[in-house]
Amino acid sequence: LEGAEFFHEFVEDIFPMSYPAATALAGHLQISQSTGPISVLDIAAGSGVWGVALAQASATVSVRAVDWAPVLDVTRRVTGRFGLSDRFELVGGDLLEADFGLGHTIATLGHILHSEGEARSKKLLSRVYESLSPGGKIVIAEMVPDTGRSGPTFPLLFAVNMLVNTDSGDTFPFDEMKSWLHDAGFVNPYTLEGPGPSPLLIANKPV
Ligand SMILES: C[S@@+](CC[C@H](N)C(=O)[O-])C[C@H]1O[C@@H](n2cnc3c(N)ncnc32)[C@H](O)[C@@H]1O
């Protein structure tokens, strides 16, 4: 798997890009005040950064991390370094085939929709919807251009990167991703400003 080889080298390097935003997300979701168990589905986990920050916020959090099997070596190493190995379950496979399990409270999709492209992203959102509990939350981290794609520069440059290096990758404005979320059944989408490259997009599965 050529992609898996590429990401094996890359995902640990980009841990610092998302750790501050993932920590802010844990605060926003008030994870540290939770009493019952919280099950996190970390989609395209890579280093495991999203699950790591949520798991650090409370001992009630357990994480199911999904990525291509060879990349899970990195997830295993990084979560081990944080002393969180026993809180993580690692599941290998392509995102449209891997077993996501059921009954998750939160699903994180960190920097994956841009390489999946529109058609696969829509299927992925439906699979995530099925795996969440009623009232569960989906969280999308992306580099997001304005509606009309006139800026900002970084998401536009990133879209060129995707055009050159992937079959159907792109960057997508919030209103496009919101309409996909709506089509998959999610409600009440909103953005959360934070310390990442773009705000996070969050929505709910109806209760
Ligand atoms: C840009 S990295 C993001 C990692 C992490 N979520 C983050 O935000 O830093 C994308 C991850 O998705 C994984 N990935 C990409 N396409 C995939 C696919 N079709 N099936 C499974 N994993 C995939 C890669 O191996 C990589 O770990």
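Author: Helices are DSSP runs of H or I with at least four residues, strands are DSSP runs of E with at least two, and both are numbered from the N terminus. This is a predicted model, in which local features need pLDDT of at least 70 and side-chain atom pairs count only at pLDDT 80 or more, while totals for chains, interfaces and linings use all residues. Residues are numbered from 1 along each chain as its sequence is written, and side-chain values use heavy atoms, with hydrogens and water left out.

Reader: What radius of gyration does the protein have?

Author: The radius of gyration is taken over C-alpha atoms, and the globule rule is 2.2 Å times the number of residues to the power 0.38. The C-alpha trace spans about 45 × 40 × 30 Å along its principal axes. For 207 residues a compact globule would have a radius near 17 Å, and the protein agrees with this, because its own value is 16 Å.

Reader: What percentage of the 207 residues count as buried?

Author: A residue is buried under 20% relative accessible area, exposed over 50%, and partly exposed in between, with a 1.4 Å probe and protein chains only. By that rule, the buried part of the 207 residues is 48%.

Reader: Which side chain does Arg 77 meet in a salt bridge?

Author: In general, side chains of opposite charge can pair when their charged atoms come close. A salt bridge here needs a side-chain nitrogen of Lys or Arg within 4 Å of a carboxyl oxygen of Asp or Glu, and the partner of Arg 77 has its oxygen 2.4 Å from the nitrogen. Arg 77 lies in helix α4 (residues 72-81) and its partner in the loop between α1 (2-10) and α2 (15-28), so the pair ties together parts that are 65 residues apart in sequence. Arg 81 belongs to the network of salt bridges as well, and the partner asked for is Glu 12.

Reader: How many residues apart are Arg 120 and Asp 94?

Author: The side chains of Arg 120 and Asp 94 meet in a salt bridge of 3.0 Å, N to O. This pair links distant parts of the chain, with Arg 120 in helix α5 (residues 113-131) and Asp 94 in the loop between β3 (88-92) and β4 (104-110), and their separation is 26 residues.

Reader: In which helix do Glu 118 and Lys 122 both lie?

Author: Their side chains meet in a salt bridge of 3.2 Å, N to O. Glu 118 counts as partly exposed because its relative accessibility is 38%, and Lys 122 likewise counts as partly exposed at 34%. The two residues are 4 apart, about one turn of the helix, and that helix is α5.

Reader: Is Ser 131 buried or exposed?

Author: Ser 131 has its place in helix α5. Contact means heavy atoms within 4.5 Å, and, leaving aside neighbours within four places in sequence, Ser 131 is in contact with residues including Leu 41, Phe 100 and His 104. Its relative accessible area is 2%, and therefore Ser 131 is buried.

Reader: Is Leu 163 buried or exposed?

Author: Leu 163 is found in helix α6 (residues 153-165). Its relative accessibility is 66%, so Leu 163 counts as exposed.
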